[in-house]
Amino acid sequence: MTDLSDFSFSGFWRVMPRDADPVETREWLEAFDAVVEAEGRERATFLLRTLLDRARVRRVALPPVLNTPYCNTIPLADQPQYPGNLDVENRISAIVRWNALAMVVRANREHAELGGHIATYASIADLFEVGLNHFFRAANGHDPAAERGGDLVYFQPHAAPGVYARAFLEGRLTEAHLANYRRETGGKGLSSYCHPYLMPEFWQFPNASMGIGPITAIYQARFMRYLENRGILETRGRKVWAFVGDGEMDEPESLAGLSVAAREGLDNLIFVVNCNLQRLDGPVRGNGSIIQELEGLFAGAGWNVVKLLWGADWDALFARDEENMILKRLHETVDGEFQKYAATDGRFNRENFFNKYPELQAIVAHLSDDDIDRLRRGGHDPVKIYAAYHLAANHKGQPTVILAQTKKGYGMGHWGQGRMGAHQAKKLEDDALLAFRDRFALPLSDDDVHHLRFFKPAADSPEMRYLHARRKELGGYLPARPRAAPQLRVPELAQFTRILEGSGGREESTTMVFVRLLSQLLRDPGLGKRVVPIVADEARTFGMQSLFRQVAIYSSVGQLYDPEDRDELLYYKEAKDGQILEEGITEAGAMSSWIAAATSYSGHGVPMLPFYIFYSMFGFQRVGDFIWAAGDSRARGFLIGATAGRTTLSGEGLQHQDGSSHVVAATIPNCISYDPAFGYELAAIVRDGARRMLEAQEDVFYYITVANENYVQPAMPADPSPPSPRRAEQAPSALADGCDPAAGYRAPDPRVLAGAFTVTSPEGPLLHVPAPLSRGERGDSTHAAAPLCTGTIEGILRGMYLLRPSPLPLPEGESRRGGGSPLSKGEVSHSSPLPLQGEGQGGGGGHKENARVQLLGSGPILREALAAAELLETNFDIAADVWSVTSFTELARDGMKVERWNRLHPESASRETWLERCLKHHPGPAVAATDYVRAYAEQIRSLVNRPYTVLGCDGFGRSDTRGALRSFFEVDRHHIAIAALKALADRESLPASAVESAIARFGIDPERADPWRG
Ligand SMILES: Cc1ncc(C[n+]2csc(CCOP(=O)(O)OP(=O)(O)O)c2C)c(N)n1
């Protein structure tokens, strides 16, 4: 075996330095002991500090003060009495172990592809059991504060089989559930890991992706303090227990929140690191010590560290070890060796560990090899576990981490315990199973073992009575996830009049509109208190500094300094009951806070409405896995991707310009995403989202992009004008109120379409829309109600609505009856080339029938589509209807649903998608342009049912002006117009030469490199 005692490199936590003068050492120690005894610990601490200061002055290297010896933190003398019946608990634990093992092995005997894990639970079983028998409180505990909720327990994900096996004993899962482990499609299976989405009444926290559990647990504990400090919920006495793997602690996210937990003094948080010293491929630190390393990290971050390394049988050995030979030997041993000792028998351990020094050999001389084999690590000894939990649960002022040393695959003999491949062991033969039965003294026949029969003692057996009694005492069963939550009333949309009316000629970005909206929500008497604004050091970027003063920044200690800007109206105000969670530069931390708030309806029975606003590029791309976990958590809240768009965030360049978040958002089933262009769209979306989440209690969350480009925000288009004679011919609208923006209506009075609104091009103004009707003109003197068009709102929410019908007439031959059919060759009567205006070929008015196109735009690029429409109409006499597509994803999802229904109901009348309904009376090829990669708008291709050209911003971003970027990525008005002309030329509605000359006229270089490669 390796002897590291001679190694000189800095494995300080590993090797005790040699003692050059033991006599002198003893004198110092005796003197120190005398001080402690005579003058107390405080005096001793003072002397130590003074000594350390002197050492610094004399340039003596300081010892590693954050590490303690490789033994239990809690001395035997401080160990509390064990309050339980160890014998019964051992039997329960053995039964749970067996059922977990049987479940996994059975599944894999039947279908080897199912997988599963045995070794993780085998290592953590005792840590769970002591918690479940003595510590983890459920929501209705017999606590003096009876109304309080329970503890929140993050079970180590790969130990899920054991959690199922216990729930089976508790009668919460049936044998059928266990028999369907990892077979979920039939509806009665058990999910592989902790997935609230799949088992919404069982699991609370999705943590199967390593690192997500630890950090979300920290921010959960912090959020409980937030609820308490803001006077929303009493959480005192409740704990967050997070069971994490030692390998998992390598994830940056696992470590990311350690300092915030200590800074906030989260003594409601207990981490238990299952230090079985192995991960998937091999040892966590083969050549080092993960426990000593983690001790240093946690202690350095300010945590209370409890090492739980050795079971009670070691106490006697340590007591006999006057020379500290055991510690010396332990400090020589790296984790790779500890793993080998776990995988081998007592004889091997004696020969290789204990026999190294005669003194050590003597210490275990009275033990047989079997006795040595039975020496337990701390994480397998309920008495020691209890002591650690007891200390942690009562510790004040700091979070506690328990570093529990265990053996991976504990009890699996040479088939699994401590083996390199233990993590993936899932198929055991009969001899291994029989040995397991014997090892844990299970009352099973060979036949039971052979058939992997689940075992449940009789209801009146001591085991079952004990198990139920313990959980009853602790308030109920865990894990359990309450689904119901009180409803919260959401303000009506009409209350957002100021936003719905547009910006009245002022230029404003959708981000600014969002901040106004948020500010109004915060003031709402019913909902305001439940709104949780979250930022990761970007509040000023998004113009949110006004909120600092309005609702203050949450700080558990209030504000201990006089802020530099105190004299200003909107100063940086921190307060104990502050509402904003200002997380600093940690998107992972901010997401973790958001998840805690967005699941508060379930975790605490207190619905909250969190808005996390971030640079959209640092959302799905940076912390996409957290957002996925939020979906799994059934989170309810808003994610606001700000400064969004590849060309709209102009100057920031490649790392900042987001062109893909909407594509990723589309892959999360319960994430509803929108890319609104105008403030009224945003208001309608947010209001409806809040209604769905807080009133209808749907398990959905929202991703909405907002941008920082300033332009005049138009008013929400009012109810459509009375149907024109043409419209009267149409089939009746499917919408109850007869207001169907999709069916096409007469161009609304431009004054209600938009606030004063000018789209310009290098050629000059293209489209000018005067300011909205004044209140006097509209005849309403109050500010109460904006003109709402329920049809328009429905369109906004369903993904598209007709924003600007072309003022040019529909072709005679194009009856709205047949709408939606693609233009076929020669269908449009323009047989002669369409000249460019000003090129001496006439053109412009005079045509009775115009070629027509449908322009689809989203976000800020919608304004380019509007400008393109004007270009097409003014210069080419081509009618262009412009659609605001608020969500290509919602359109595509609707399409998926309708297409599937039609496919499976071949004899029924086909259903129509929203997109079909929208476009069917609007002929002509379609062109879509967005600020995102083409894949975003491509989602609807199969639904468009006509020639469809998609423009988008594929490629790396770069810095430049918006105009230059839009030209570069070819999503500006000129490229939209060219795409429309080309689509018409392909249908022979105009000659290719017209497109060619337009390309030249717009100064487009057709030979330049592809923008996504340029
Ligand atoms: C982010 C992430 N990466 C990789 C994995 C695959 N994985 C599952 S368990 C595991 C090893 C876990 O080791 P450890 O945390 O020590 O837990 P143990 O099972 O040993 O107790 C790995 C790599 C994962 N689930 N999540």
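**Basis.** I worked from a predicted model, in which local features need pLDDT of at least 70, side-chain atom pairs count only at pLDDT 80 or more, and totals for chains, interfaces and linings use all residues. I number residues from 1 along each chain as its sequence is written, and side-chain values use heavy atoms, with hydrogens and water left out.

**Entry 1: cavities.** I took a cavity as a set of points, on a 1 Å grid over the protein atoms alone, where a 1.4 Å probe fits but cannot get out; lining residues have an atom within 4 Å of a point. Grid points are joined across faces, edges and corners, and a volume is the space filled by probe spheres set on the points. I found 13 cavities of 30 Å³ or more by this rule.

The largest cavity has a volume of about 180 Å³. Of its 17 lining residues, Trp310, Trp314, Tyr341, Asn349 and Arg377 are the closest to the centre. Helix 13 (335-343), helix 14 (346-352) and helix 16 (369-374) are the elements that give two or more residues to this lining; helices are DSSP runs (H or I, at least four residues) numbered from the N terminus. I sorted the lining into 9 nonpolar, 3 polar and 5 charged residues, with Ala, Val, Leu, Ile, Met, Phe, Trp, Tyr, Cys and Pro as nonpolar, Asp, Glu, Lys and Arg as charged, and the others, Gly among them, as polar.

The second largest cavity has a volume of about 110 Å³. Among its 13 lining residues, Tyr154, Phe205, Thr216, Ile595 and Ser633 are the closest to its centre. Helix 7 (212-229) and helix 25 (587-598) each supply at least two lining residues. This lining divides into 7 nonpolar, 6 polar and no charged residues.

**Entry 2: loop residue Glu492.** I located Glu492 in the loop between helix 21 (462-473) and helix 22 (497-500). Glu492 is partly exposed, at 41% relative accessible area (buried is under 20%, exposed over 50%, partly exposed in between; 1.4 Å probe, protein chains only). Arg687 is 195 residues from Glu492 in sequence, yet their C-alpha atoms are 7.4 Å apart.

**Entry 3: surface patch.** I noted a nonpolar surface patch of Trp28, Phe32, Leu48 and Leu51, with about 400 Å² of accessible area together. Helix 1 (22-39) and helix 2 (41-57) each give two or more residues to this patch. Patch residues have over 30% relative accessible area and no salt bridge, and nonpolar side chains (Val, Leu, Ile, Met, Phe, Trp, Tyr) are joined within 5 Å. A salt bridge is a side-chain nitrogen of Lys or Arg within 4 Å of a carboxyl oxygen of Asp or Glu. Areas come from the Shrake-Rupley method with a 1.4 Å probe. Leu51, in helix 2, is partly exposed at 45%.

Definitions and conventions: Patches are made of residues with over 30% relative accessible area and no salt bridge: like charges are joined within 9 Å, nonpolar side chains (Val, Leu, Ile, Met, Phe, Trp, Tyr) within 5 Å. On a 1 Å grid over the protein atoms alone, a cavity is a set of points where a 1.4 Å probe fits but cannot get out, and a pocket is an open set with protein on both sides within 12 Å along at least five of seven lines; lining residues have an atom within 4 Å of a point.
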